Amino acid sequence: MVTWMNGSTVDIAPSILSADFSRLGAEIEAVARGGATILHFDVMDGHFVPNLTIGLPVLKSIARVTELPIDAHLMISEPGRYAEQFVEAGAKMVSVHVEADAHLHRTLASIKAAGAQAGVVINPATPIESLAEALQFSDYALVMSVNPGFGGQKFIPSSIDKVRRLKRMIEERQLETRIEIDGGIDLANIAAVVGAGAEIIVAGSAVFGGGNPEGAVRGLREATVQWV
Ligand code: DX5
Ligand code: ZN
């Protein structure tokens, strides 16, 4: 975690979705050496999003081999049915989409009661106003800067202003909710999203796509430090 002079902090959270799954343990060790402070774990159900990925058994195995806190991003319908199980499997952070859950308050409370941080997520076309109530029940709010479902998509530029407006909303309410951003983050835009108020930065293809995940994480970290 990089701490700024104004007291805010930045976590780099590599998304293992873009890692080589045949050598996942080594990939995780590499990003840890590079200075990653969180591991982002994308769960997709082929229903809420048009793709399928990994779930509880993989999370359990990873939790056994890494010290990094695992951030489970649930891109699944009715996440309340599974959220607690992800905490039991070893996730220290679990986030659920506002678009997928009619009982958000209950789900967020169950994540916290199970001992993890609870996050709310909004898709690119979902307004920040939809978080107005949920923010107070959330440890972090995740702004999607691509439509969820796949790694390697192009960053949606209006996400920068969305983060800025969300940051203002959090400050106005005097809350401690941190902002996470996910989708298309790379060296070209990381400084702008951090400058707008994002503190947990997810990156998949920018970390694992170039053959040197350790160096890529280090580069992303350095690109945020210039804002100190
Ligand atoms: C997208 C996932 C992201 C994805 C990020 O649905 O939630 O976490 O893995 O990958 P990049 O950084 O390649 O957009
Ligand atoms: Zn994600």
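**Exercise 1. Determine which residues lie on each face of β3, and whether these faces are covered or open.**

Step 1. On one side of β3 are Leu39, Phe41 and Val43, and on the other His40, Asp42 and Met44. Strands, here DSSP runs of E with at least two residues, and helices, runs of H or I with at least four, are numbered from the N terminus.

Step 2. Both faces are covered, since these residues are all buried; buried means under 20% relative accessible area, exposed over 50% and partly exposed in between, with a 1.4 Å probe and protein chains only.

Step 3. The model is predicted: local features need pLDDT of at least 70, side-chain atom pairs count only at pLDDT 80 or more, and totals for chains, interfaces and linings use all residues. Residues are numbered from 1 along each chain as its sequence is written, chains are lettered from A and ligands numbered from 1 in the order in which they are written, and side-chain values use heavy atoms, leaving out hydrogens and water.

**Exercise 2. State how many bridges join β3 to β4.**

Step 1. The two strands run parallel and are joined by six bridges; pairing requires that DSSP find at least two bridges between them.

Step 2. Within this pair, Leu74 of β4 stands opposite Val43.

**Exercise 3. Explain why the buried residues of α4 line one face.**

Step 1. In α4 (residues 104-113), Leu104, Thr107, Leu108, Ser110 and Ile111 are buried.

Step 2. Viewed down the axis of α4, these residues fall within an arc of 160°, so they line one face of the helix; the arc is that of the directions from the helix axis to the C-beta atoms.

Step 3. An α-helix has 3.6 residues a turn, so residues three or four places apart point the same way.

Step 4. Arg106 and Ala113, on the other side of α4, are exposed.

Step 5. The buried residues of α4 pack against α3 (83-88), β5 (93-97) and β6 (117-122), where contact means heavy atoms within 4.5 Å.

**Exercise 4. Identify where Glu78 and Gln174, which are not glycines, take a positive phi.**

Step 1. Glu78 has a phi of about 45° and is found in the loop between β4 (70-75) and α3. Its relative accessible area is 48%, so Glu78 is partly exposed.

Step 2. Gln174 has a phi of about 55° and lies in the loop between α5 (159-172) and β8 (178-182). Gln174 counts as exposed, at 71% relative accessibility.
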